[in-house]
Amino acid sequence: MKHHLFILGAIAVFFGSAAAAEQSDDFKALMARQDFVAGDYAAAIAKAQPLADAGQPRALTLLGLMHERGLGMTADPAKALEYYRKAADLGFPQAIQNLASCYRFGELGVTEDDVKARALFAQAAALELGQALSQLGEMLREAQQAGDGYDVLHFDGHGTFLQQQQLGALCFEQ
């Protein structure tokens with residue numbers, strides 16, 4: 001009897017998992033990114049475009065990168081910037097960092113703007129994106145070396161302090 005109950009329990013779990021296995025949009029966007037990493041740009045676009053059209057931030061960021069670099073399509077800096085902005089407005093850390101890089105280096109048709117770049121890197125760093133924190137630190141060193149004025153604020157206890165790494169978000173003000 002116990003053996004049969006176990007099988008029924010396993011079947012219930014399996015069918016429950018199958019229903020839950022309806023892939024989330026974020027998972028679908030990750031699968032598009034996997035195709036991108038594998039170099040199958042056509043498959044990545046086919047998977048990411050409908051998600052991006054629906055406002056999925058990971059898909060928007062992926063298509064922004066593909067438009068920026070001309071991977072699987074003709075490079076389109078304006079479209080790349082549009083996708084990055086949409087995803088950044090949704091709070092997606094990688095898009096915020098990509099947008100920050102655009103302002104830092106004057107890419108994709110935006111005017112170089114260190115103040116805006118630092119603010120965006122700080123925003124991405126506050127979302128615990130380590131690369132953004134690294135970029136922000138590099139900008140701080142450059143500002144120090146150039147003798148540029150800046151104010152640094154350190155927050156610890158408002159969700160931006162990473163206890164294990166002893167890192168806090170840096171915010172710049174003018």
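Helices are DSSP runs of type H or I with at least four residues, numbered from the N terminus. In this predicted model, helix H6 covers residues 93-105 and is followed by Gly106, whose phi is positive, near 65°.

**Helix H6**
- The end C-alpha atoms of H6 lie 18 Å apart, which agrees with the 18 Å that its 13 residues should span at 1.5 Å a residue.
- Because 10 of its 13 residues are buried, H6 is largely enclosed by the rest of the structure.
- The buried residues of H6 include Ala95, Leu99, Ala100, Tyr103 and Arg104.

**Nonpolar core**
- The largest nonpolar core comprises 36 residues, and Phe36, Leu63, Met66 and Leu99 have the most contacts inside it.
- At least two residues of this core come from each of H2 (25-37), H3 (41-53), H4 (57-69), H5 (77-89), H6 and H7 (114-126).
- Apart from neighbours within four places in sequence, Leu63 is in contact with Ile45, Ala48, Gln49, Ala52, Met73 and Tyr83.

**Ala117**
- Ala117 belongs to helix H7.
- With a relative accessible area of 0%, Ala117 is buried, since the cut-off for that term is under 20%.
- Although 14 residues separate Ala117 from Tyr103 in sequence, their C-alpha atoms are 5.1 Å apart in space.
- Once neighbours within four places in sequence are set aside, Ala117 is in contact with Ala100, Tyr103, Arg104 and Met139.

Methods:
Residues are numbered from 1 along each chain as its sequence is written. This is a predicted model: local features need pLDDT of at least 70, side-chain atom pairs count only at pLDDT 80 or more; totals for chains, interfaces and linings use all residues. Side-chain values use heavy atoms; hydrogens and water are left out. The expected span of a helix is 1.5 Å times one less than its number of residues. Buried means under 20% relative accessible area, exposed over 50%, partly exposed in between (1.4 Å probe, protein chains only). A nonpolar core is a set of buried Ala, Val, Leu, Ile, Met, Phe, Trp, Tyr and Cys residues joined through side-chain atoms within 4.5 Å. Contact means heavy atoms within 4.5 Å.
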